[in-house]
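This report describes the overall build of a protein chain and then one residue in it.

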Amino acid sequence: MKPVLDVFKKMFPKGARLHEPFFGGKEAEYVQECIATGWVSSVGKFVDRFESDLAGIFQLKSAVAIVNGTSALHISLKALGVEAGDEVLVPALTFVAPANAIAHTGAVPHFVDCEARTLGVDAAKLDAWLGEIGEIRKDGCFNRKTGRRIKALVTVHVFGHPVDLEAVARVCGTHRLELIEDAAEALGTLYKEKPVGRWGRLTTLSFNGNKTVTTGGGGAVLTDDEALGKRIKHLTTTAKVAHPWRFDHDEIGYNYRMPNLNAALGCAQLEQLPEFLRKKRKLAERYETEFAPVEGLRFFKEPDFAKSNYWLNVLILEKNRAAELENLLRVTNEAGYMTRPAWTLLSDLPMFRQSPKMDLSCARDIVQRLINIPSSVFL
Ligand SMILES: *Cc1c(COP(=O)(O)O)cnc(C)c1O
């Protein structure tokens, strides 16, 4: 696997980390303005502006800024009526956040396989699985094996590449499931020339430090359903009833608001989004060229229906080279090139080992052969 290291050395003589934030705009100016005016906390003009900027980017009616991506998922599940004892479908190959958010509602994650083309939910395989175990009753889809209601699917656009959203949405329609798009990794990604985020009833984002755009920590929920957007804003602001001085709350709410300080950083970052996306796609193109002659692996390319943000670039080793993954990780990291394996399959984590799951053969195969390589916008 020396040729991989040679490519990195040629491209980044001084080493490279996996994904670092880049502050090249008005970040300091906007954050300073919060401090100077005293508007540092959960209300302020940058929160409003950040929400309307996001709604504009996604061409959706509402965006609610949230304290982080996990809370955005939690409140989305709550708002769509997920209850303790339900099951929620979620890919096994993803970051742990969506499964945690499902567990926070008292529901049980039910793990779904991925397809090699997108690394996200395999719609056809999920359809067949639900045909086998699912039963439609008057209050939804039930798992005949566990007796629990299957309420929703959280689909994830893994590493920035969109799933086949039309196919996934169709499966949800057939089996009466609510659809949430976890687009934490896919800000700026297009599916059939439109931003992701319009196929699910709700779409969530994260602005953690390693994402394409960061607010330090943060998240958002997006929707084209204005009433649902208002409901989420209400739930995330302690369910306070609007009034000039009274403290009335009409249900158990959450303090999930994004502070103005973080939104200020986010507004400055969003101003640079088109440039970030251009640079990320350029880096992916360079990788594709440089890795083309390297034997035993391929650079993962966006599916043909997509224009991806290439959040984290991916190499996939050939099937007979899986044994070399550990060595490749060691050699590159020791030389100052930060590479990482895919996440441990969520169904293998101790807290989720008892959770229901379908056949996960594709996800199991991919995790043994996938490696994430340096992807910061400035590289
Ligand atoms: C980053 C991420 C989240 C949310 O993470 P937070 O750290 O809570 O903002 C959720 N889902 C996926 C797929 C992610 O990559």
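The model is predicted, with local features needing pLDDT of at least 70, side-chain atom pairs counting only at pLDDT 80 or more, and totals for chains, interfaces and linings using all residues. Residues are numbered from 1 along each chain as its sequence is written, and side-chain values use heavy atoms, leaving out hydrogens and water.

The protein chain holds twelve helices and 16 strands, where helices (H or I, at least four residues) and strands (E, at least two) are DSSP runs numbered from the N terminus. Its radius of gyration of 21 Å agrees with the value near 21 Å for a compact globule of 379 residues; the radius is taken over C-alpha atoms, and the globule rule is 2.2 Å times the number of residues to the power 0.38.

| Property of the protein chain | Value |
|---|---|
| Box filled by the C-alpha atoms, along the principal axes | roughly 65 × 60 × 35 Å |

Of the 379 residues, 56% count as buried, meaning under 20% relative accessible area (1.4 Å probe, protein chains only). Among contacts (heavy atoms within 4.5 Å) with a separation of 6 or more, 71% come from residues 24 or more positions apart.

His234 lies in helix α8, residues 226-236. Why does His234 count as buried? Its relative accessibility is 18%. Leaving aside residues up to four places away in sequence, His234 touches Ala239, Lys240, Val241, Asp250 and Glu251.

Methods. Buried < 20%, exposed > 50% of the residue type's maximum accessible area, 1.4 Å probe, protein only.
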